[in-house]
Amino acid sequence: GFKQLGGAMNIRRKVVASVAVAVGIASSASVASPAMAAPVDCLGYSGVICMADGAGITGQIWRQTPAQITGCRKLAPASFNNEASFASNRTTGSVLLQIYNSDNCTGTPYELESGASIRFDQYETWWNNKASSIKLYLL
């Protein structure tokens, strides 16, 4: 079996996340909202979950650490609903990323184990621009 990572987001984390989105802060490992970028902005970071909306791992980048992803994480609040053409589980160890085409983590997910990536625009085209929510599990 596996254990779901994260729990209820505390008030301090909510406030920090809201401030980061509002002022457009892009720190080294926690981009709170999408930013225009290049492949290195996903592939150059370890220990994160990263998605890109453009062909060739370009365009807007969505990047978060596992600690920032609690429970079922909807992508719409970050303006990334149905946008992902690329997804990467840049964590180490045994973290399972589940990607759903619903906004409430229901249905059959696309799964990526630690260290795995997928170019939906190139290899799994039926999943291209379909991600609406994600969830992480510790295996």
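Student: Which residues does W62 touch, not counting residues up to four places away in sequence?

Tutor: This is a predicted model, so local features need pLDDT of at least 70 and side-chain atom pairs pLDDT 80 or more, while totals for chains, interfaces and linings use all residues. Numbering runs from 1 along each chain as its sequence is written, and side-chain values use heavy atoms, without hydrogens and water. Contact means heavy atoms within 4.5 Å. By that rule W62 touches I49, C50, M51, I69, R73, L75, A78, F80 and I134.

Student: Which residues have the most contacts inside the largest nonpolar core?

Tutor: A nonpolar core is a set of buried Ala, Val, Leu, Ile, Met, Phe, Trp, Tyr and Cys residues joined through side-chain atoms within 4.5 Å. Buried means under 20% relative accessible area, exposed over 50%, and partly exposed in between, with a 1.4 Å probe and protein chains only. The largest core has 20 residues. Those with the most contacts inside it are M51, W62, I99 and I134.

Student: Which strand supplies the largest share of this core?

Tutor: Strands are DSSP runs of E, at least two residues long, numbered from the N terminus. At least two core residues come from each of β3 (49–54), β7, β8 and β10 (133–138). The largest share is 3 residues, and its source is β7.

Student: How many residues are in the second, separate core?

Tutor: Its members include C42, C50, I57 and F86. In soluble globular proteins, nonpolar side chains tend to be buried together. The size of this second core is 7 residues.

Student: What is the handedness of the disulfide of C42 and C50?

Tutor: A disulfide is a pair of cysteine sulfur atoms within 2.5 Å. C42 and C50 qualify, with S to S 1.8 Å. Both ends are buried, C42 at 0% and C50 at 0%. The torsion about the S-S bond is about -85°, so the link is left-handed.

Student: Where do C72 and C105 lie, and how many residues apart are they?

Tutor: These two cysteines form a disulfide, S to S 2.2 Å. The pair links distant parts of the chain. C72 is in the loop between β4 (58–64) and β5 (73–74), and C105 is in the loop between β7 and β8 (110–112), which puts them 33 residues apart.

Student: What pattern do the disulfides of the protein chain follow?

Tutor: The count comes to 2 disulfides. Bonded cysteines are counted along the chain. The pattern is 1-2, 3-4.

Student: Is S79 buried or exposed?

Tutor: S79 lies in the loop between β5 and β6. Its phi is positive, about 55°, although S79 is not a glycine. The relative accessible area of S79 is 52%, so S79 is exposed.

Student: Which residue does the side chain of T91 join through a polar contact of 2.9 Å?

Tutor: T91 lies in the loop between β6 (86–89) and β7 (95–100), and at 5% it counts as buried. A polar contact is a pair of N or O atoms within 3.5 Å; within protein, one must be able to donate a hydrogen and the other to accept it, and residues adjacent in sequence count only if both atoms are side-chain atoms. At 2.9 Å, the side chain of T91 joins that of S114.

Conventions. Helix = DSSP H or I, 4+ residues; strand = E, 2+ residues; numbered from the N terminus.
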